[in-house]
Amino acid sequence: MNRDEIMKLLPHRNSMLLLDEAERIGDTAHGMYKVNGNEFFLDGHFPDFKVVPGVILCEILAQTACSLIDMKESSSIPVYAGLEKVRFKSPVRPGDEFRTECRITKARKPFYFCEGSGYVGDKLCITASFSFAIVDKDKICSQES
């Protein structure tokens, strides 16, 4: 899938859509994001040695995993429920092609439990276990009032 096809699956847009490509292979999703160096999150992290923040790497993993879910309702959005066993192994920097591999290990709708890994070339950069829920954004917004 290219970015246009990914936008049909995920509600993320503009600077927070962090997948350039995604592919489903069986129960596994593979994603790719090319770090161009102009991203908002690199401005101050760190000016003399730009490194993609760990929370952004986690977000890329989650978006990859969410590409496995068909969110039929236009008001449905995925929200993080938890992050566990996150391990950062190597930095991701401008010019890198960050590739991800994620799978859903368990589903108890609306909750999904996942494992993911991210690589630059053959070098492992991150591993994580995480969960998210598919929620109706209209219901969340109505609870805020």
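Three aromatic pairs are found in a search of the whole structure, which is a predicted model. A pair of aromatic rings is described by the distance of the centres and the angle of the planes. Two of the pairs are described here.

The rings of F40 and F41 form one of them. Their centres lie 5.2 Å apart. Their planes meet at 80 degrees, so the geometry is edge-to-face, the cut-off for that class being over 60 degrees. The two residues can also be described by solvent accessibility. F40 is partly exposed, at a relative accessible area of 44%. F41 has a relative accessibility of 8% and therefore counts as buried, since buried means under 20%.

Y112 and F132 form another pair. Here the ring centres are 5.5 Å apart. The planes are at 20 degrees, so this pair is stacked; the limit for stacking is under 30 degrees. Y112 is buried, with a relative accessible area of 8%. F132 is buried as well, with a value of 2%.

Charged side chains also meet aromatic rings. R93 places its charged end over the ring of F49, at 3.8 Å from the ring centre. The charged end of K106 sits over the ring of F113. In that case the distance to the ring centre is 5.0 Å.

Note on methods. Residues numbered from 1 in each chain as written. Predicted model: local features only at pLDDT ≥ 70, side-chain atom pairs only at ≥ 80, totals over all residues. Heavy atoms only, no water. Phe/Tyr/Trp six-rings, centres within 6.5 Å; stacked < 30°, edge-to-face > 60°. Buried < 20%, exposed > 50% of the residue type's maximum accessible area, 1.4 Å probe, protein only. Lys NZ or Arg CZ within 6 Å of the ring centre and 35° of its normal.
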